[in-house]
Amino acid sequence: MSSLAIIGAGTMGAGIAHIAAVAAHDVILYDVSDDVLARACARISATLDSGVARGKLDDGGRRDALARIRTSTDLESAVSDRHVVIEAVPEDLQLKTEIFQRAAMAAPPSALLATNTSSLSVTEIAAVASSPERVVGMHFFNPVAAMKLMEIVRGALTSGDAVARAADFASTLGKQSIVVGDSAGFATSRLGVVLGLEAMRMLEQGVASAEDIDTAMELGYNHPVGPLKLTDIVGLDVRLAVAERLHAALGDATYAPPAILRELVANGHLGRKSGHGFYDWPPP
């Protein structure tokens, strides 16, 4: 069992806390307010309830998992004795580096430091740490409990030991890991964004409806979720930000965000979290 601190109690942070607690890790979940943490704990509890209903764990396992999760609004205290620290705040480089610098200073010198980013440079984030060799990218996927992959990103100074520790940790969570270099979009975001943006262009051009485009990939290519529905689940604002970063970094028109994506985001249609995107969604 490892002691784990997760910085950020949003969708990804709560999801990581959930699977880590089920895997018998001791978890501290940090965020800036008790209200945010209470909502995260409610989501975790509901997910565990669903797991019990589906026979994935019993009532005792649910209680044990919840007992392993503590919350904190004091970042330095939350990371001070942890074996693993995972930063899972929104995809904003300035925000991530500010928080990462504080966490790296407060965490034990032996702690593995990880950033859950889908597209930002792990090397840049690691540069604010006094020992960047122990910093690695751990890219989890949403929904965290269901997705089996962890993309481990090796920064320019990440040590082989840090990569090995990250892979070992992934295996304790039941995740299959891959190791990629610190290039724009890594492997998964780069491939996934291309598919999603092309689906949006097809919708713009009237090639097919959103439902039929998604069905084509679900039934024709055995994708569990089509690219437009997946964009709604991830968040259109998140997909737009990633596409803009990849377009700027790679200079390839393939990554230029289509007008339909910009328009939906400008109108506040962000997908499942707002209730409207390429699909209409029920209230959370």
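Tutor: Strand β1 (residues 3-7) is largely enclosed by the rest of the structure, because five of its five residues are buried. The model is a predicted one.

Two strands pair with β1. One is strand β2 (residues 26-30), which runs parallel to β1 and is joined to it over five bridges. Within this pairing, A5 has I28 of β2 as its bridge partner.

Next, the helix packing. Two packed helices are described by the angle between their axes and the distance between the axes. For helix α8 (residues 188-204) and helix α12 (residues 259-266), the axes come within 8 Å and cross at roughly 90°. Angles of 65 to 115 degrees count as roughly perpendicular, and α8 and α12 are therefore roughly perpendicular to each other. On the α8 side the contact is made by L197, M200, L203 and E204, and on the α12 side by A259, I260 and L261. Sorted by class, the contact of α8 with α12 has six nonpolar residues, no polar ones and one charged one.

Last, the backbone. Most residues other than glycine have a negative phi, and most peptide bonds are trans. The loop between β8 (176-181) and α8 holds F186. F186 is not a glycine, yet its phi is positive, near 50°. With a relative accessibility of 5%, F186 counts as buried, since buried means under 20%.

A positive phi, near 65°, is also found at N222, again a residue other than glycine. N222 lies in the loop between α9 (210-220) and α10 (227-234). At 68% relative accessibility N222 counts as exposed, the cut-off for exposed being over 50%.

The remaining spot concerns a peptide bond. The bond from N142 to P143 is cis, and its omega is near 0°. P143 belongs to the loop between β6 (135-139) and β7 (149-154).

Notes:
Residues numbered from 1 in each chain as written. Predicted model: local features only at pLDDT ≥ 70, side-chain atom pairs only at ≥ 80, totals over all residues. Heavy atoms only, no water. Axes fitted to C-alpha atoms, helices over the stretch in contact; angles between N-to-C directions. Helix = DSSP H or I, 4+ residues; strand = E, 2+ residues; numbered from the N terminus. Parallel < 35°, antiparallel > 145°, perpendicular 65-115°, else oblique. Contact = heavy atoms within 4.5 Å. Nonpolar A, V, L, I, M, F, W, Y, C, P; charged D, E, K, R; others polar. Buried < 20%, exposed > 50% of the residue type's maximum accessible area, 1.4 Å probe, protein only. Pairing = 2+ DSSP bridges.
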